[in-house]
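Subject: Structure handover

Hello,

Here is the structure I said I would pass on. My notes on it follow below.

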Amino acid sequence: MGRLHISRTEGGVSVDGADPSPRPRPERSLLDGSVLRSLIGLALPTMTVILAQIGVGVAEIFYIGRLGTSALAGASLVFPFYMLMTTMSAGGLGSGIASAVARAIGAGRTEQVQRIFAHAVLTALAVGLAFTIIMIAAASWLYASLGGEGAVHDAALTYSNIVFAGVTFLWISNLLGAAFRGMGNAMLPARIALIGAAFLIPVSPALIFGFGPIPAMGIGGAGLAIILYQAGATLALLVFWRKTQAAAGSIDFRPDRAIFADILRVGVPSSLNALQASLMSVVLTGLAARFGDDALAAYGIASRLDSMMVPVLFGLASAVLTMVGMNAGAGNIARAGRIAWTGAAAGMVVTGLPGILFAIWPQLWLGLFSADPAVLAEGSAYLHITGPFYPAMALGFILSFAAQGAGHSFWPTVAVTARLLCAVGLGWIAIVTLGLGFAALGVATATGVVAYGIICALAMRSGAVWHGQPRRQGRSR
């Protein structure tokens, strides 16, 4: 593949160099097209991927639930750890991969893109195998320490050992998917995810309960179905990757310290941010439990509304990361900043409307899950406080991904840490030390979200996230 050089002309972007073929239209639009239209076009496929994964997860839990309470409880012990792998691979190290690819394309270093793809595979192999060893070695102790006993512990161990034996496939498919999104091709991983979901939903019950010559494998069959799903996605992405670089000859897997450093300086802090978010959720759930079962149920239902925002926010944030990375790499900092703020504004509108709606009429959400008056009362008190601050959550989320797209992860990490300290620290002081009521948990949560949004906005506004980026003159639309 020839080296491409990007220059700006009065009409937009021109490409000079050894490769006479024009720059693909999607890449052109990301560098010099309608910001909002390009964001939506990139965001929708990624939202589709997440919705497909949510659908697969719901179906899997439904099937496992038919095996009985012990199997369901065992799978519940494993689920947070598997979701952590998903979050760290897709949004943690995946952000590092997508950012590196986007900035390389924006700067015209197209020959480096294939090297980043190769390093994505190397990273996935190393991290995936490490987690396989850790989880298989520690699984029995880990699930026992979380309260798993007897049949529940056995079910968790069976499911976990199978799932984590093949977790490397999850890492490869998610990191390659991130690399394609960094190229501006979000549709490819979306299509593969949808095909995989269509495969998994019928195959999973066949492996769990048996079908024809296939023996019933119980909860182990659910784990095997997940491995087959991820292995298929990995194979498909590897095939498409090979097609994209066929003209370059053999794949160069030689490790490059500079490429690893470029990936990890964004990917590692992003993964730590995911860990902090998980820790915050665990601690806040524990604080809610101090008020009894009704409050715990209310918090679980109310906070689930946050998770419903994830497909929209992550899809939009991934699109912002790609577009900011390409434009930052091309030196168009003005356009990159405009992309960041446009994405943040869109996220604030999309999350703010349901947030305000359920803050005013919380029963519209809570009533979907419970009719218990005590649960509805506690949940209403929480949503009255937190609902209006959903735009602040969107502001921080989108702008943190924009910073990662520019290759900077310091301020997003500061913001996530501030959110954790505010929510957990204030919640602990208010509830444990001062003995305040359940509503104090909502105040602490809202305070953390506001701190998160403000820090990310100030970092973007001050220009701190653009330090070290080349700047070129050009028209920004």
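At what angle do α3 and α4 pack, and how far apart are their axes? The model is a predicted one, and in it α3 and α4 pack at about 165°, with 11 Å between their axes. Since angles over 145 degrees count as roughly antiparallel, α3 is therefore roughly antiparallel to α4. The crossing of these two helices, α3 and α4, is right-handed.

Other helix pairs

- Helix α2 covers residues 35–65 and helix α8 covers residues 219–244; the two pack at an angle of about 160° and their axes are 10 Å apart. That makes α2 and α8 roughly antiparallel, and their crossing is right-handed.
- The axes of α4 and α8 come within 11 Å and cross at roughly 160°. Here too the helices, α4 and α8, are roughly antiparallel to each other. The crossing of α4 past α8 is left-handed.

Helix α4

Helix α4 runs over residues 110–145, which is 36 residues. From its first C-alpha to its last, α4 reaches 49 Å, close to the 52 Å expected at 1.5 Å a residue. Where does α4 have a kink? The kink in α4 is centred on A139 and amounts to about 60°. Just after α4 comes G147, with a positive phi of about 105°.

Helix α7

Helix α7 spans residues 187–209, a run of 23 residues. At 1.5 Å a residue, α7 should span 33 Å, and its end C-alpha atoms are 34 Å apart, which agrees. There is a kink in α7 as well, of about 30°, at L200. The kink at L200 lies shortly before the proline P202. After α7 comes G210, and the phi of G210 is positive, near 90°.

Salt bridges

How many salt bridges are there? The count comes to 2, taking a side-chain nitrogen of Lys or Arg within 4 Å of a carboxyl oxygen of Asp or Glu as the rule. As background, side chains of opposite charge can pair when their charged atoms come close.

D262 forms another salt bridge with R265, where the closest N and O atoms are 3.1 Å apart. D262 and R265 are 3 residues apart in helix α9, so about one helical turn separates them. Together, R103, D262 and R265 are linked in a network of salt bridges.

One is the kink in α4 centred on A139. The other is the salt-bridge network of R103, D262 and R265.

Regards

Conventions
Residues are numbered from 1 along each chain as its sequence is written. This is a predicted model: local features need pLDDT of at least 70, side-chain atom pairs count only at pLDDT 80 or more; totals for chains, interfaces and linings use all residues. Side-chain values use heavy atoms; hydrogens and water are left out. Helices (H or I, at least four residues) and strands (E, at least two) are DSSP runs, numbered from the N terminus. The expected span of a helix is 1.5 Å times one less than its number of residues. The bend at a residue is the angle between axes fitted to the seven residues ending there and the seven starting there. Axes are lines fitted to C-alpha atoms, for helices over the stretch in contact, and angles run from 0 to 180 degrees between N-to-C directions. Angles under 35 degrees count as roughly parallel, over 145 as roughly antiparallel, 65 to 115 as roughly perpendicular and the rest as oblique. A crossing is left-handed if the near helix is turned anticlockwise from the far one by less than a right angle, and right-handed if clockwise.
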